[in-house]
Amino acid sequence: MAVKTVTFPRCTSCNRPITPDMKSVHFPCPNCARVSIWRCEICRELARLYTCPACGFEGP
């Protein structure tokens, strides 16, 4: 029997794993729409900057 692993998305700002019980959001990059930006609850509340890994766009 094979063991399956679960990979959680990571917050684009702080790189924290985003688990199903967290109040997080994800949306396409507002500039290029090529990647999903994931934001954890803490980074959203503190308005930490994020940078799109595809185009370098920075957002609040």
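This note goes through the fold, the surface, the strands and the aromatic residues of the structure above.

1. Basis. The structure is a predicted model, in which local features need pLDDT of at least 70 and side-chain atom pairs count only at pLDDT 80 or more, while totals for chains, interfaces and linings use all residues. Residues are numbered from 1 along each chain as its sequence is written, and side-chain values use heavy atoms, with hydrogens and water left out.

2. Overall fold. The protein chain has four strands and one helix, in the order β-β-α-β-β from the N terminus. Helices (H or I, at least four residues) and strands (E, at least two) are DSSP runs, numbered from the N terminus. The C-alpha trace spans about 45 × 25 × 15 Å along its principal axes.

3. Of the 60 residues, 17% count as buried. Buried means under 20% relative accessible area, exposed over 50%, and partly exposed in between, with a 1.4 Å probe and protein chains only. Among contacts (heavy atoms within 4.5 Å) between residues at least 6 apart in sequence, 29% join residues at least 24 apart.

4. Surface and charge. The accessible surface comes to about 4400 Å², and 54% of it belongs to carbon and sulfur atoms; the areas come from the Shrake-Rupley method with a 1.4 Å probe. There are 8 positive and 4 negative side chains, and the centres of the two sets lie 7 Å apart. Lys and Arg count as positive and Asp and Glu as negative, without His or the chain ends. Each charge is placed at NZ of Lys, CZ of Arg, CG of Asp or CD of Glu.

5. Strands E1 and E2. E1 (residues 25-28) and E2 run antiparallel and are joined by four bridges; strands pair if DSSP finds at least two bridges between them. Phe27 has Ile37 in E2 as its bridge partner.

6. Aromatic pairs. The structure holds two aromatic pairs. Phe27 and Tyr50 make an edge-to-face pair, at 5.9 Å centre to centre and 70 degrees between the planes. Phe27 lies in strand E1 and Tyr50 in strand E3, so this pair ties together parts that are 23 residues apart in sequence. The ring centres of Tyr50 and Phe57 are 6.5 Å apart and the planes are at 55 degrees, so that pair is tilted. Rings of Phe, Tyr and Trp (its six-membered ring) pair if their centres lie within 6.5 Å; planes under 30 degrees apart count as stacked, over 60 as edge-to-face and the rest as tilted.

7. Aromatic cluster. Phe27, Tyr50 and Phe57 form one aromatic cluster. Tyr50 is buried at 5% relative accessible area, while Phe27 is partly exposed at 24% and Phe57 is partly exposed at 28%.

8. Thr51. This residue is in strand E3 (residues 50-51) and is partly exposed, with a relative accessible area of 37%. Leaving out residues up to four places away in sequence, Thr51 touches Thr12, Gly56, Phe57 and Glu58. Thr51 and Asp21 are 30 residues apart in sequence and 24 Å apart in space, C-alpha to C-alpha.

9. Asn31. The loop between E1 and E2 contains Asn31, which is exposed at 53% relative accessibility. Asn31 touches Cys55 and Phe57, again not counting residues up to four places away in sequence. From Asn31 to Thr51 the separation is 20 residues in sequence and 11 Å in space, C-alpha to C-alpha.
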